[in-house]
Amino acid sequence: MCSNRSRTTSAIEYRMRLTVLLFAASLVAAWSLLDYMPQNLLNLDVTSKWDSEPAFSALEDYIVDDKFSLLKLHRGLMEIESISGNEHKVALFLSDYLKKAGLSVELQHVERDRYNVYAYIGNQRNTTTVVSSHIDVVPPYIGYSVDGTKIRGRGACDDKGPLAAQVIAYLDLYYENKIKEGEVSLLFVVGEENTGVGMRTASEKLGVNWEYAIFGEPTENKLGVGHKGIFVFDIEVFGRAAHSGYPHLGVSATEILIPILHKIQNLELPESELLGPSIVNVGKVEAGVAANVIPAYAKATIAIRVSSDLDEVVRLVHSVVDDVEHVAPVTGRTTDPQYLDYKVPGFESIILAYNTDVPNLSLPLKKRFLYGPGTIHVAHSDDEHVENQDLLKSVDGYRRLVEYILSLENATE
């Protein structure tokens, strides 16, 4: 005989299960309206199988030697969260992958548990050309998914799409015996999205020399003509807290910060005929503790994309903030605008507004190329994706760039 208690428990369990199902169904409906479905519903630990997923299997792949798949490598990289500062797992993944492909691989320690990955053929560390991308991504992490011909998720185009295409192009040339020891190496670095520490460490401490560099970034499979520099800095204001009913007893940090931000946003900054205007972005603001408290502290983080005359841009910012009471001295991180090599037969060109690791590779080079699949217009957004065909075409693009450089070297011999 069933007791009232057990019947009540069963009813509660039923209602709980029904509630969970209805919640899941509502999420599915909402995501369907947004034309996006997360890979891992409700963060459940679901093990996927490459070839059993219809959407993934419907994509066109590029496979080297019947075992190195572009799509599987791209997906493997994207399914490892590697937000700047947390690149350890993806570095180990890449290192293991490249060793299995028959390359010599080094993990270069950068800081804490952060490592660059350097790979080459045989024992010759110095190579004529280095092919490079970054392994870190911006937050937040967005899982891998396939939407028709679009591959979605964090890093799809910035920068795991270019990275995967570079590896597959390299292995294709290697297995076809079109590159040999001492000619081309691979360098994958940490920290491009914030400080550039990975590439700077490679430049200063890896102990190798190159003559040409191919950088991977989303350029719509066109060669970058150049890109803007950057001035990133904080403005910190130290006021004094008080009750908001008695503002004369305190110093409002926000009332000091807001006019400064307005002036910086309205500065007449230098422009470039090639790279266009310099652009100000007030990316982050922190201030106050409550609506009824005069804020004692305020901080804004600003990035100026500099198209020309970096020194003048820095001077103009200082002219706004240096003499304002309660404002801390402003320092920041700067890089100059970059001009690249882009005249290669068979390639279109593009002018870019974003910043890259190009200036952080400080070794003297004969030529620098910037190229990769996808568009920067969706990078860093919740709509980040790369088209299947763009990813495929970039493999051919990287192959042709390497072969072009080899032809330059052969012509000078």
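This is a predicted model: local features need pLDDT of at least 70, side-chain atom pairs count only at pLDDT 80 or more; totals for chains, interfaces and linings use all residues.
Three elements, α5 (160-175), β8 (184-189) and α9 (388-412), each contribute at least two residues to the lining of the second largest cavity.

How many cavities of 30 Å³ or more does the structure hold? There are two. The largest cavity contains about 70 Å³ of space. It is lined by 14 residues, and those closest to its centre are Ser133, Phe215, Gly216, Glu217 and Asp357. Two elements give two or more residues to this lining, namely β5 (129-134) and β9 (212-216). Strand β5 provides the largest share, with three residues. The lining of the largest cavity divides into five nonpolar, five polar and four charged residues.

I now turn to the largest pocket. Its volume is about 880 Å³. Of its 31 lining residues, Glu193, Ile230, Ala303, Arg305 and His380 are the closest to the centre. At least two lining residues come from each of β11 (229-238), β14 (279-287), β15 (297-306) and β16 (332-335). Strand β14 gives the most, with five residues. The lining of the largest pocket is made up of 13 nonpolar, 11 polar and seven charged residues.

Is threonine 335 buried or exposed? Its relative accessibility is 10%, so it counts as buried, the cut-off for that class being under 20%. The side chain of threonine 335 makes a polar contact, at 3.1 Å, with the side chain of asparagine 355. Leaving aside residues up to four places away in sequence, threonine 335 touches Gly229, Ile230, Leu310, Asn355 and Pro359.

Finally, I come to the backbone. Most peptide bonds are trans, and most residues other than glycine have a negative phi. Which form does the peptide bond from proline 139 to proline 140 take? That bond is cis, with omega near -5 degrees, and proline 140 sits in the loop between β5 and β6 (145-147). The peptide bond from aspartate 158 to aspartate 159 is also cis, with omega near 20 degrees. Aspartate 159 belongs to the loop between β7 (150-152) and α5.

As for phi, asparagine 177 has a positive value, near 60 degrees, and is a residue other than glycine. Asparagine 177 is found in the loop between α5 and β8, and at 70% relative accessibility it counts as exposed. Glutamate 220, likewise not a glycine, has a positive phi of about 65 degrees. Its place is in the loop between β9 and β10 (223-227). With a relative accessible area of 33%, glutamate 220 is partly exposed.

How values were computed
Residues are numbered from 1 along each chain as its sequence is written. Side-chain values use heavy atoms; hydrogens and water are left out. On a 1 Å grid over the protein atoms alone, a cavity is a set of points where a 1.4 Å probe fits but cannot get out, and a pocket is an open set with protein on both sides within 12 Å along at least five of seven lines; lining residues have an atom within 4 Å of a point. Grid points are joined across faces, edges and corners, and a volume is the space filled by probe spheres set on the points. Helices (H or I, at least four residues) and strands (E, at least two) are DSSP runs, numbered from the N terminus. Ala, Val, Leu, Ile, Met, Phe, Trp, Tyr, Cys and Pro count as nonpolar, Asp, Glu, Lys and Arg as charged, and the others, Gly among them, as polar. Buried means under 20% relative accessible area, exposed over 50%, partly exposed in between (1.4 Å probe, protein chains only). A polar contact is a pair of N or O atoms within 3.5 Å; within protein, one must be able to donate a hydrogen and the other to accept it, and residues adjacent in sequence count only if both atoms are side-chain atoms. Contact means heavy atoms within 4.5 Å.
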